[in-house]
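Open the viewer and keep the selection panel at hand. We will go stop by stop.

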Amino acid sequence: MTGRLTVVGLGPGDDRYLTREASDALEAADALYGYGPYLDRVPAQAAQTRHASDNREEGARAETALRQAAQGASVALVSGGDPGVFAMAASVCEAIETGPEAWRALHIAIIPGITAMLAVAARAGAPLGHDFCALSLSDNLKPWEMIERRLDAAASAGFVIAFYNPVSRARPWQLAKALALLARHLPDRTPVIFGRAVGRADESLTVTPLASAHEVAADMATLIIVGSRETRLIVCEGQAPLVYTPRAVEGAMA
Ligand code: SAH
């Protein structure tokens, strides 16, 4: 009997953001693994075991899930947003690459989910209408100097930039530094979007010019999108402004 490991993206919030493919995979699993608050989003099923772990234990969690799958079980490993974006799918691949040969015979499937960047962008308008990139501001897995180099390169190349993991208790100063660095490339009026807990009951969205972005509070549940020179606001009466990046670069189509 060959086991199965499915890495399931839950989307950014409650089950309205769960795809049908993801909920079918969750239902079919013998065992569920994941960070506790993510597992709490999945409805309980009598015949299914649950294994909650801490947020920082991705590698160990992937290995434990693979070990159980190798015994013939159908295991689902859950991830917030999309499992391929700064999340568990890469941890599973790493574990398979370095683990026992037998793990390569398992059925592995990755089920996509709506990543935070897309959920926040949709709330704000269409900030990702032209070229963009995504960066994790966490320097747990790469040196801070590399993040600075990438920020410089991305801003000078004209990308809209999404920041995942902007702040944590252990990383209090990095976001202000990153914003200051971008201010060297971009006009003060550049729109910056802060989306917090998007798709959840306590969701909030703030749009501010780059010049005052450092005044906005952000935490681990916040995703930030910094516009490019092209990104602009449309003021809409009685409603939040629409933030968008035109699909064509000005002058390019002449
Ligand atoms: N795999 C996840 C990202 C994991 S990294 C995904 O695809 O969304 C964790 C970071 O994602 C957080 O620090 C935050 O920047 C962002 N994030 C996750 N869920 C979010 C939500 N509901 N609203 C805003 N940002 C979120």
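**Stop 1: the ligand.** Select R200 together with the ligand. An N or O atom in the side chain of R200 sits 3.2 Å from a ligand nitrogen. Bear in mind that this is a predicted model.

Now pick V85. One of its polar backbone atoms is 2.8 Å from a nitrogen atom of the ligand. Move to M220. Here a polar backbone atom is 2.5 Å from a ligand oxygen. How much of the ligand's accessible area does the protein cover? On its own the ligand has 550 Å², and the protein covers 92% of that.

**Stop 2: P166.** T222 leads on to the next selection, as it is among the contacts of P166. Find P166 in the loop between β8 and α7. Is it buried or exposed? P166 is buried, because its relative accessible area is 0%, and buried means under 20%.

Show what touches P166. Beyond its neighbours within four places in sequence, the contacts are L137, R171, L175, D219, T222 and I224.

**Stop 3: the largest nonpolar core.** Select L175, a contact of P166. L175 is also one of the core members that touch the most others, along with L151, I161, F163, L182 and V226; the core has 24 residues. Show these elements next: β7 (132–136), α6 (144–156), β8 (160–164), α7 (174–183), β9 (191–196) and β11 (222–226). Each gives two or more residues to this core.

Zoom in on L182. Leaving aside neighbours within four places in sequence, its contacts are L151, A155, I161, F163, L210 and V226. Apart from this core lies another, of 18 residues, including Y33, L77, A95 and L106. As a general rule, nonpolar side chains in soluble globular proteins tend to be buried together.

**Stop 4: helix α5.** Select residues 116–124. Which of them are buried? M117, A119, V120, A121 and A124 are. Look along the axis. An α-helix has 3.6 residues a turn, so residues three or four places apart point the same way.

Finish at G125, which follows α5. Check its phi: the angle is positive, near 140 degrees.

How values were computed:
Residues are numbered from 1 along each chain as its sequence is written. This is a predicted model: local features need pLDDT of at least 70, side-chain atom pairs count only at pLDDT 80 or more; totals for chains, interfaces and linings use all residues. Side-chain values use heavy atoms; hydrogens and water are left out. A nonpolar core is a set of buried Ala, Val, Leu, Ile, Met, Phe, Trp, Tyr and Cys residues joined through side-chain atoms within 4.5 Å. Buried means under 20% relative accessible area, exposed over 50%, partly exposed in between (1.4 Å probe, protein chains only). Helices (H or I, at least four residues) and strands (E, at least two) are DSSP runs, numbered from the N terminus. Contact means heavy atoms within 4.5 Å. A polar contact is a pair of N or O atoms within 3.5 Å; within protein, one must be able to donate a hydrogen and the other to accept it, and residues adjacent in sequence count only if both atoms are side-chain atoms. Accessible areas come from the Shrake-Rupley method with a 1.4 Å probe; for residues, only the protein chains shown count as cover.
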